[in-house]
Amino acid sequence: MDLLGLLKSQFLCHLVFCYVFIASGLIINTVQLFTLLLWPINKQLFRRINCRLSYCVSSQLVMLLEWWSGTECIIHTDPQAYPKYGKENAIVVLNHKFEIDFLCGWSLAERFGVLGGSKVLAKKELAYVPIIGWMWYFTEMVFCTRKWEQDRKTVSQSLLHLRDYPEKYFFLIHCEGTRFTEKKHQISMQVARAKGLPSLKYHLLPRTKGFAVTVRSLRNVVSAVYDCTLNFRNNENPTLLGVLNGKKYHADLYVRRIPLEEVPEDEDECSAWLHKLYQEKDAFQEEYYRTGTFPETPMVPPRRPWTLINWLFWASLLLYPFFRFLTNMISSGSSLTLASFVLVFFVASMGVRWMIGVTEIDKGSAYGNIDSKQKRND
C-alpha cells in the first residue's frame with residue numbers, strides 16, 4: 001500500500017468526512033426547515049432552493065466515490081441517445097446487487113447535472129432519519145411502506161405532485177425491492193416458478209406494481225425509461241467501507257434509453273413488459289460475465305468539479321472550529337476532559353462502523369424474503 005492509500009485508510013480521515021457530513025447536513029436541514037415559509041408564497045422557488053440544498057448533502061457522498069476513491073464508471077450506450085441524458089426527465093431502472101449501486105446511480109445523475117433534483121422510491125422509515133431522510137422529505141421524495149394496499153394511493157399522489165416539478169430529474173427505482181443475495185434469489189425463483197414466469201440468473205423477480213404506477217403517474221412528464229445494468233470488472237465486490245478507505249473500483253454501466261411511449265399503459269401489459277426487460281437484463285449480465293464488457297459504445301462522461309468544491313467549502317467552514325475545540329480540550333490537561341475526549345472518539349468510531357455495517361448486503365432488507373414467502377404461501 002502506498003503512502004496515499006495508507007492515509008486514506010486512517011480512521012482520522014474517516015472521522016473528518018463524517019464530521020463534515022453530519023455538521024453540514026444538520027445546518028442544511030435547519031435551513032430547509034425555514035424554507036417552508038416559501039411554500040404557500042412561491043412553491044417553485046421553494047423547490048429550486050431545496051434542490052440546491054439537497055445537492056450540498058448528496059454530492060458529498062458522490063465526492064467520496066468519484067474523487068476520494070477515484071472509482072471509474074464507463075457507460076455503454078447508444079451514441080445517438082447519449083446527448084439526451086440530463087436534458088429530459090427519466091425513470092432509471094437499476095439492478096440492486098452491490099452496496100454502492102445507489103451511489104453509482106447518484107454518480108450517473110451528477111455526471112449529467114441532475115443530482116440535486118433526482119428522486120428515489122424509498123422506505124417510509126428513512127424519512128425520519130436526520131440529514132438524508134430529512135433532506136429527502138424537503139425535496140418531495142416518494143416514500144412507501146412496501147405494503148401495496150397502503151402505498152397504492154399515497155405513492156400515486158406523491159408521484160402526481162412531481163408533474164410540475166421545475167427541475168430536471170432522474171427517478172431511480174430498484175424494481176427488485178431489495179439487494180440480491182443467493183438466499184433471496186432462491187426464494188424469488190420459487191415464486192417465479194409458481195407463477196409460471198421465466199427464471200432469472202442474476203436478478204430477483206421485479207416488483208411490477210410500483211413501476212406501473214410510476215409510469216402511469218409520470219407519463220407525458222418523463223420522456224424515457226433508462227434501463228441501467230451495473231457490474232464491476234475483475235469480480236470486484238465494492239463496499240462503502242472500501243470507498244471510505246479510498247479503494248478504487250472499476251464499474252461498467254449499460255444504459256438503454258427506451259421512449260416511454262413503448263411502455264404499455266395497461267397495468268398487466270406493463271407488468272409483462274417489465275418481466276421481459278429483466279430477462280433482457282439477465283442476458284446482458286450473462287454476456288458481461290462471458291466477455292467482460294456490455295454492448296454498445298463505451299463512453300466516460302466528464303467528472304464535474306462541483307462535488308469536490310462543495311465538500312471543500314464545508315470543510316473549510318467547519319474544520320477550523322472543530323480542531324480548535326479539540327486543541328483546547330487536549331491542552332487543558334484535565335483528566336476528566338481527556339477521558340471525555342477518548343469516550344467521544346470511541347463512540348464516534350463505533351458510530352461510523354455501525355453506519356457502514358448497516359449497508360452490508362447480508363444485513364440488507366429482509367423485505368424480499370418476507371414478501372416472497374407470503375406470495376409462495378398464497
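Ile22 is part of helix H2, which runs over residues 11–35. The model is predicted.

**Ile22 and its surface patch**

With a relative accessibility of 36%, Ile22 is classed as partly exposed, because that class lies between the 20% limit for buried and the 50% limit for exposed. Together with Leu26 and Trp134, Ile22 makes up a nonpolar patch on the surface. The accessible area of Ile22, Leu26 and Trp134 together is about 250 Å².

**Annotated spans**

An unreviewed UniProt entry carries the annotation "transmembrane region" for residues 12–39, 308–326 and 338–356. Ile22 belongs to helix H2 (residues 11–35), and the annotation includes residues 12–39.

| Span | Helix | Strand | End C-alpha distance |
|---|---|---|---|
| Residues 12–39 | 86% helix | 0% strand | 41 Å |
| Residues 308–326 | 100% helix | 0% strand | 25 Å |

Pro302 sits in the loop that links strand S8 (297–299) to helix H11 (306–331). Is Pro302 buried or exposed? Its relative accessibility is 59%, so Pro302 counts as exposed; the cut-off for this class is over 50%.

Apart from neighbours within four places in sequence, Pro302 has contacts with Tyr82 and Arg111. Pro302 and Phe112 are separated by 190 residues in sequence, while the C-alpha to C-alpha distance between them is 8.9 Å.

Definitions and conventions:
Residues numbered from 1 in each chain as written. Predicted model: local features only at pLDDT ≥ 70, side-chain atom pairs only at ≥ 80, totals over all residues. Heavy atoms only, no water. Patch = residues over 30% accessible without salt bridge, like charges linked within 9 Å, V, L, I, M, F, W, Y side chains within 5 Å. Areas by Shrake-Rupley, 256 points an atom, 1.4 Å probe, with all protein chains shown as cover. Salt bridge = Lys/Arg side-chain N within 4 Å of Asp/Glu carboxyl O. Helix = DSSP H or I, 4+ residues; strand = E, 2+ residues; numbered from the N terminus. Buried < 20%, exposed > 50% of the residue type's maximum accessible area, 1.4 Å probe, protein only. UniProt positions renumbered as here; feature names shortened; annotations may be inferred. Contact = heavy atoms within 4.5 Å.
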